[in-house]
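Subject: Structure handover and findings

Hello,

Here is the structure I promised to pass on. My notes follow below it.

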Amino acid sequence: MILQSTPAGHPPDPAAAETLVLGLETSCDETAAAVVARDAAGRGRILSNVVLSQIEAHAAFGGVVPEVAARAHVEAIDGVVRAALAEAGVGLAAMDAVAATAGPGLIGGVLVGLTTAKALAFASGKPLIAVNHLEGHALTARLTDGAAFPYLLLLVSGGHTQIVRVDGVGRYRRIGTTIDDALGEAFDKTAKLLGLGYPGGPAVERAAAAGDPARFALPRPMFGRKEPDFSFSGLKTAVRLEAQAAAPLGPTDVADLCAAFQAAVADVVADRVGRALAAFWADTAGETAGPTGPLLVVAGGVAANRAIAARLRTLVAAAGARLIVPPPVLCTDNGAMIAWAGAERLALGLVDGLDAPARARWPLDGDTAPVVGHGRLGAKV
Ligand code: KG4
Ligand code: ZN
């Protein structure tokens, strides 16, 4: 278990009236709570950001076990909320609202955080804000870097792989998604197959550093297609077949397979995002024209992968675009992103009743048709 905390943001401005929001995140395997401030100019400041990871509780199972996660959230949430308030140096009475992830995610965990937030809101007489977890990821770059709308979001985590056009708070258009596995899931499955443990992304990246990406020829699924969608299950199968053919695997084989997998993934991500960025730029040139170019924001645990990040940097440089990758602790699941989404919603008067439902599935863009094959209930996000 790791308790991390990351106060950050612009320095407090005594003259600016700030709203304070407490945010709770429990949709997967992190129990998290944070306090953020938002001033009238829309600038954010993190007063506390406490994240309690359950990785050790799930490592023995090679992945997140929903029942284990829900129980761990119940045990931890009170202490994590208390720690977030204590570190921020403010009491519940000073909050302007209480926000919590209301979905999508593992429903047992979502219920723990949302119900706790409802109790805190009711007891303190503060408004409740039921936040879509994906909106938390989508708006983080506004907290860290003051990103202005519109921008393109690449969300790559254990449960989601999406390219989303972000036009405003509550205004999202998904323009690309995976038709099967999420990218983080593909890293995790590849790691498991090669005996590298959980979570797999960092282990694959470490092993790949010593590998030869050219020894195994792996496919680049969806490469060159017009629509910026993704597919990773065929790539994972190709790794399995190569691994079986090369068995028994020594450390060099594992390193070469990881390097080939990572190279294939980086090629695919650069191609898909490149297409999306070009379309976005063509669409919005009128709105964002100027010296700065279109803005790409990356979020989710896979954003920590240096090979992928390097390819994205090259891509945006060639396209005359800008790139924001929030620090890793704000790219992975955390309470600050939920508190911040709550603060952005509160500023627009968007609050929820105490009957707000917990939702296992909750697409960011309700108008987008579900993609056939993408049906992971209670997926890790
Ligand atoms: O956003 P996140 O912390 O949690 C959720 O999925 O909600 O993302 C975790 C995912 C895992 O699949 C993990 O293997 C992947 O992000 N990941 C990475 C790296 N670090 C974490 N994948 C590739 N390279 C990394 N360095
Ligand atoms: Zn997430």
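Where is methionine 222 found? Methionine 222 sits in the loop between helix 6 and helix 7 (233-246). Please keep in mind that this is a predicted model. I started with that residue for its backbone. Methionine 222 is not a glycine, yet its phi is positive, at about 75 degrees. Most residues other than glycine have a negative phi, and most peptide bonds are trans. Methionine 222 also counts as buried, because its relative accessibility is 12% and the limit is under 20%.

Cis peptide bonds

Two peptide bonds deserve a look. The bond from phenylalanine 149 to proline 150 is cis, with omega near -5 degrees. Proline 150 belongs to the loop between helix 4 (133-145) and strand 8 (151-156). The bond from tyrosine 198 to proline 199 is cis too, again with omega near -5 degrees. Proline 199 is placed in the loop between helix 5 (183-193) and helix 6 (200-208).

Strand 11 (residues 295-299) pairs with strand 12 in the parallel sense, over 3 bridges. Within this pair, leucine 296 stands opposite leucine 323 of strand 12.

A contact across the chain

Leucine 106 lies in the loop between strand 6 (97-103) and helix 3 (107-124). Is leucine 106 buried or exposed? Leucine 106 is buried, because its relative accessibility of 11% is under 20%.

Cysteines

How many disulfides does a search of the whole structure find? The search gives 0. Cysteine 28 is in no disulfide, and the nearest cysteine sulfur, that of cysteine 331, is 16 Å away. Cysteine 28 is buried, at 2% relative accessibility. Cysteine 331 is buried as well, with a relative accessible area of 3%.

Aspartate 333 and two histidines

Aspartate 333 is in the loop between helix 10 (328-331) and helix 11 (335-347). Aspartate 333 is buried, with a relative accessible area of 8%. Which side chains does it meet? The side chain of aspartate 333 makes a polar contact of 3.1 Å with that of histidine 133. Another polar contact, also 3.1 Å, joins it to the side chain of histidine 137.

Salt bridges

The whole structure holds 18 salt bridges. Here are some of them.

- Glutamate 185 and lysine 189 meet through their side chains, at 3.2 Å from N to O. Both lie in helix 5, 4 residues apart, which is about one turn of the helix. Glutamate 185 is buried at 10% relative accessibility, whereas lysine 189 is partly exposed with a relative accessible area of 33%.
- Glutamate 227 and lysine 226 form a salt bridge at 3.7 Å, N to O. Glutamate 227 is partly exposed, at 47% relative accessibility. Lysine 226 is exposed, at 68%.
- Arginine 272 bridges to aspartate 271, with the closest N and O atoms 3.0 Å apart. Both of these residues are buried.

A network of salt bridges links Asp181, Glu185, Lys189 and Lys236.

Over to you.

Best wishes

Notes. Residues numbered from 1 in each chain as written. Chains lettered and ligands numbered in written order. Predicted model: local features only at pLDDT ≥ 70, side-chain atom pairs only at ≥ 80, totals over all residues. Heavy atoms only, no water. Buried < 20%, exposed > 50% of the residue type's maximum accessible area, 1.4 Å probe, protein only. Disulfide = S-S within 2.5 Å. Pairing = 2+ DSSP bridges. Polar contact = N/O pair within 3.5 Å; in protein donor to acceptor, adjacent residues only side chain to side chain. Salt bridge = Lys/Arg side-chain N within 4 Å of Asp/Glu carboxyl O.
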